[in-house]
Amino acid sequence: MASLAFHAPETIDQAVALLAANPAARPLSGGTDLIVQMRSGRIAPAAVVDLKRIAALTGTRRHGLGFAIGAATPCTALKRDRALAAAWPGVVEAANLIGSVQVRNRATMAGNLCNASPAADSVPALIAAGATCLIAGPQGEREVPVEAIPLAPGRTSLAPGEFVVEIRLPPRGQGGDAYLRSIPRTEMDIAVVGAGANLVLDGEGTCTAARIAVGAVAPTAILVPEAGAALVGTRLDEPALAAMAEAVRAACRPIDDKRGTAEYRTAMAEVLARRVVAIARQRAGENA
Amino acid sequence: MNKLVIAATVNGDPVEFLTDPGGSLLDALREELLLTGTKEGCGSGDCGACTVILDGEMVCSCLVFAAEAQGRQIATIEGVAEGGRLHPIQRKFLDHAALQCGFCTPGFIVAARSLLDRNPDPSESEVRYWLAGNLCRCTGYDKIVRAVLDAAAELRQERRVEGELAA
Amino acid sequence: MNDLSGKIAPGPFHHVGTRPVRPDGVEKVTGKAVFGPDFSVAGMLYGAILRSPHAHARIRGIDTRKAAALPGVKAVVTGADFPDLESLTVSAGESSGDIIHISRTCMAHEKVLYDGHAVAAVAATSARIAQEALALIAVDYEVLPHVLDPEAAMRDDAPLLHDGIFTKGIEPAPERPSNVPMKVALARGDAAAALAGAAAVAAGRYTTEFVHQGYIEPHVCVASWNADGQAQIWASSQGHFSIRALTASVLGMAQADIRVHPLEIGGGFGGKTGIYLEPVAMLLSRKAGRPVRLAMSRGEVFRATGPAPGAVIELRIGAAADGTLVGAEIDFIYNAGAYPGNTAHSGLICALGHYRLANARITGWEVLTNRPAVKAYRAPGAPQVNFAVESALDDLATQLGIDPIALRLKNAVIPGDAQPTGVPFGQIGYVECLEAARAHPHWSAPLGPNQGRGLAGGLWRSHGGPSTGEVGLAEDGTGLVAAGSPDIGGSRASMAIMAAETLGVPYEQVRVTIADTHSIGYSMVTGGSRTTFATGKAVIEAAEQVIATLRQRAAAMWNVAADTVEWRDGTAIRADGERLSIGQIAAKAAFSGGPIAASVGLNAAGYLPGFAVHICDVEVDPETGHVGVLRYTAVQDVGRAIHPAYVEGQLQGGAAQGIGWALNEAYAYDAQGRMENAGFLDYRMPVASDLPMIDTVMVEVPNPAHPYGVKGVGEAPIVPPLAAVANAVRAATGKRLPDLPLTPDRVHAAVHG
């Protein structure tokens with residue numbers, strides 16, 4: 001901790017240079033994962049690069065017909081963007097389940113994603129929404145789907161010197177999304193299981209697109225293509241929902257740990273998948 | 001080992017203090033500025049005893065680098081009362097016996113004030129969920145929630161009276 | 001002066017039963033109050049402790065040379081710096097222990113017995129340097145097999161924690177050492193025969209896990225040991241006299257050489273009645289020649305301070321067809337962690353203490369495992385057995401088709417019934433509590449789908465014991481109360497109320513200070529539900545002595561006989577109606593005989609157990625197993641509520657802790673015996689959104705042995721919640737879950753399994 005260097009660049013290029021110069025440097029958004037891990041001794045970065053003074057990284061804006069959320073934007077700020085909250089309530093709600101209000105005033109979705117916990121709350125909702133992230137680095141910028149970022153617990157696909165600049169949500173168009181998680185208490189817990197759903201229904205209530213993603217049942221949050229496929233072309237009747245839940249169950253490969261048993265996680269994945277589909281369906285109906 | 005010099009505003013006063021680059025805002029408030037009203041209960045953002053207001057939003061000061069406070073506005077428990085006049089939340093905590101050991105109390109008062117500044121008429125459920133990040137082991141939360149709801153009522157009444165006077 | 005017959009002061013009262021603002025309240029809502037971690041002195045160094053990463057290991061050697069050489073390090077301490085001690089059982093807070101074990105808990109010597117066991121310490125000019133120095137200490141461990149489970153620890157082939165522990169309570173005494181320090185047993189009548197003839201028998205095997213008191217303020221102290229042998233310690237604690245006694249014993253010092261200053265304490269619940277850091281900080285201070293602060297992090301609090309024991313309880317309890325309990329057999333094991341904690345005795349006394357039962361056989365074992373040694377946690381030893389007994393009673397009620405309250409009323413102890421010790425109960429109030437519960441609207445409120453209601457009753461013994469109270473008058477007649485009982489939940493207010501009531505003066509004219517060990521005589525810890533009772537008695541008696549003095553002084557000023565002077569409402573009244581106020585008399589004190597003050601040291605007897613009955617409504621989500629607490633009512637016989645708001649607070653706080661114990665709190669360990677959830681993230685205590693309002697009913701059956709009828713209230717509230725919650729879950733799901741905590745995955749498995 002004594003030799004830690006603290007930087008607060010004001011531009012993306014400055015941040016890229018600082019991170020590229022020192023492979024042991026870490027970007028800092030909200031700090032609610034980084035600082036916890038530093039205090040526990042799990043990580044010992046040589047430098048911290050605070051992204052919050054970079055104007056381009058703070059705040060939400062329209063990106064075409066979709067949205068861009070700067071990497072330094074706290075979760076609670078998402079709620080203040082009415083258009084974003086109306087278009088992607090599942091994503092905004094998911095981000096606003098992380099920790100406490102105090103934590104959410106600092107934590108960011110970019111940080112949540114790059115911390116690469118399989119139980120991260122915002123990630124299944126982002127995956128279901130088809131979100132992408134813009135990455136800056138020494139080689140320039142690139143854009144990838146969010147599910148390409150986490151590789152394993154605590155490990156991302158980011159190359160040395162790279163960091164997420166913003167998260168992009170596609171245009172909502174028709175449809176609705178939702179996220180739910182299973183926790184032992186009512187707040188303050190890491191998700192034992194999390195499930196996100198994003199559905200599009202046509203005018204007659206037939207599902208034309210569906211993405212189902214589940215967290216904390218595998219080393220990373222996972223999209224379950226078979227679950228979405230089970231709903232497409234159906235009117236979300238019970239056989240379709242059962243097929244969807246079965247696909248979710250089959251995709252689960254959870255572990256036993258201090259937060260839950262593998263058996264329980266698999267059972268909850270099915271329960272939550274059904275529940276988020278029901279909420280997303282209702283929102284899609286309202287949005288048709 | 002090079003300390004940083006940080007300039008910020010704390011409870012309305014300009015301050016300067018030293019910090020290790022990796023030091024927390026909580027430690028800076030307590031050890032450098034001798035504002036020991038903000039407490040450490042866990043150091044990991046799970047108990048809320050270290051709650052302060054940073055640029056208008058409530059945060060866990062144990063999860064903020066002191067260095068991040070540069071140029072920012074911080075409000076702590078020491079700034080809640082105005083001079084010798086207790087804030088209604090403080091008075092209601094006393095009236096309702098909403099504290100036993102009192103260790104979590106500063107965090108709760110700062111957090112409750114942050115709620116009532118935004119939502120002058122919260123429901124019991126809204127109060128409980130807003131305060132879910134503040135642990136209390138002594139009271140079971142009952143009297144704390146009552147004190148916050150009662151303070152909200154008094155503040156609404158004060159605003160009504162002010163509104164009438166201004167009209 | 002212990003008048004057990006006593007007389008309770010007649011009402012109506014001016015202050016007793018009112019809810020004034022506590023005298024230390026403004027300091028606590030403004031952040032001015034100085035808690036343990038807030039205190040510092042000039043020249044203070046920062047200490048840090050190196051802790052074992054192994055659950056069980058022999059220490060072959062410790063090399064501290066590099067740490068000592070680090071610039072800024074002023075002292076290094078290991079177990080070798082502690083004096084050799086002879087085995088001696090000493091009073092330790094609310095229980096007792098061997099002084100050698102207490103010393104080894106502060107710092108290990110030959111062996112480490114749990115993950116987190118202190119092995120070395122440093123003091124340095126900054127906290128950061130102290131941490132760097134720890135990393136430079138090399139400890140050579142010989143890792144040994146460890147055991148965490150108490151039943152496994154009882155086996156002959158279990159890893160042995162101590163060479164010198166031979167089970168007490170077995171005849172003949174065993175020849176081989178074991179991990180079982182004690183067996184306790186109680187038997188009356190013929191339980192086996194009674195059970196064989198019972199109309200209904202409920203049986204079960206129940207388990208509970210280690211749970212922590214969960215106080216939000218971690219342990220901390222500042223110690224300053226001078227070259228002349230005198231020392232000062234500043235610490236937040238439930239008992240600064242306990243700190244003095246134990247530190248003096250561990251370090252081989254005279255007690256008068258240690259002055260312990262009580263700082264404000266951020267919660268204790270029994271966990272801050274002993275010592276952990278003080279002797280270490282003292283030794284560092286002596287070596288460095290400067291004061292040293294030692295503070296625990298939250299992780300250290302979990303790994304290295306004392307939780308409540310985990311338990312395995314097997315029982316059978318039988319009743320006649322009309323619900324009369326006829327017999328019970330209970331076998332329990334308390335997992336006490338690394339050192340004996342005398343935990344089993346409490347379980348023995350409290351298991352069935354609230355019922356009349358002629359035939360009972362209870363056997364209890366205390367067992368050691370490679371976990372931190374347990375400490376008192378609010379009614380220590382009672383909640384675990386009570387959980388089993390009250391769950392089984394619920395099953396009996398179901399089997400017999402009898403209402404749960406009716407079953408308990410039929411068997412509840414009443415005044416005059418014999419306690420397990422043989423001594424008859426005094427003015428107890430279990431029946432009144434059961435009746436109040438039955439009359440409460442909660443008991444008859446309608447329930448919806450997936451909802452269930454549970455009820456449980458229980459008792460806690462309370463305590464009296466030694467306390468010193470002082471009352472003195474300033475020259476203007478305003479009052480000063482000094483007590484040696486730290487204020488952990490509003491006791492200053494209660495002392496002020498009782499003193500003001502006795503003196504007949506306004507509440508605001510009596511101020512209370514918690515005096516340090518040099519400034520007041522001994523008081524036992526603030527714990528054991530004893531403070532309002534015992535320290536209160538001392539304060540009241542001191543106030544009465546002050547009144548006697550005031551009457552004498554007034555009589556002298558009037559030149560009349562003292563027994564013709566009445567004292568009422570803070571005023572001396574002559575037979576003809578002439579008056580002198582307390583201020584007028586005090587102003588002349590120097591000339592009328594000297595300053596007016598009194599000090600009373602007493603050993604308070606006549607305490608009575610507290611009985612509690614709790615009602616809990618839950619809603620269970622059958623798909624997820626999640627249990628939500630919808631409604632909760634805590635009924636308790638409090639004797640007399642001196643300050644009702646703070647008595648309500650005890651009921652609510654204890655209930656909340658019990659709910660957490662029932663639903664989500666438990667220590668988790670990995671395969672290496674290391675604690676996995678040493679933080680508030682994964683040690684899941686209830687948060688505000690987890691609980692409803694907690695309704696309280698304070699039944700008042702006054703205690704004749706206290707001038708205002710006080711009974712201890714602080715601990716009984718944690719006894720019934722475990723079974724109240726479990727019985728509610730049983731009602732909501734139809735399934736009896738005998739293993740705590742009732743986490744969602746367990747409830748789900750029971751519902752779907």
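**Close-up views of a predicted model**

**View 1. A buried alanine with positive phi in chain A.** A:A116 is buried, at 2% relative accessible area (buried means under 20%, exposed over 50%, partly exposed in between; 1.4 Å probe, protein chains only). Its phi is near 55°, a positive value in a residue other than glycine. A:A116 sits in the loop between α7 (109-114) and α8 (122-129) of chain A. Helices (H or I, at least four residues) and strands (E, at least two) are DSSP runs, numbered from the N terminus. The model is predicted: local features need pLDDT of at least 70, side-chain atom pairs count only at pLDDT 80 or more, and totals for chains, interfaces and linings use all residues. Residues are numbered from 1 along each chain as its sequence is written, chains are lettered from A and ligands numbered from 1 in the order in which they are written, and side-chain values use heavy atoms, with hydrogens and water left out.

**View 2. A partly exposed asparagine with positive phi in chain C.** C:N342 has phi near 55°, again positive in a residue other than glycine. Its relative accessibility is 33%, which counts as partly exposed. The loop that holds C:N342 runs between β16 (325-335) and α10 (344-350) of chain C.

**View 3. Cis peptide bonds in chain C.** The bond from C:E171 to C:P172 is cis, with omega near -10°. C:P172 lies in the loop between α5 (150-153) and β9 (182-188) of chain C. The bond from C:L740 to C:P741 is also cis, with omega near 0°. C:P741 belongs to the loop between α20 (721-733) and α21 (744-752) of chain C.

**View 4. Cysteines of chain B without a disulfide.** B:C42 is in none; its nearest cysteine sulfur, that of B:C47, is 3.7 Å away. B:C42 is buried at 11% relative accessible area. The sulfur of B:C60 is 4.2 Å from the closest cysteine sulfur, in B:C50, too far for a bond. B:C60 is buried too, at 3% relative accessibility.

**View 5. Helices α10 and α11 of chain A.** The axes of α10(A) (residues 238-251) and α11(A) (residues 262-286) come within 9 Å and cross at roughly 140°. Axes are lines fitted to C-alpha atoms, for helices over the stretch in contact, and angles run from 0 to 180 degrees between N-to-C directions. The two helices are therefore oblique to each other (under 35 degrees is roughly parallel, over 145 roughly antiparallel, 65 to 115 roughly perpendicular, the rest oblique).

Notes: A disulfide is a pair of cysteine sulfur atoms within 2.5 Å.
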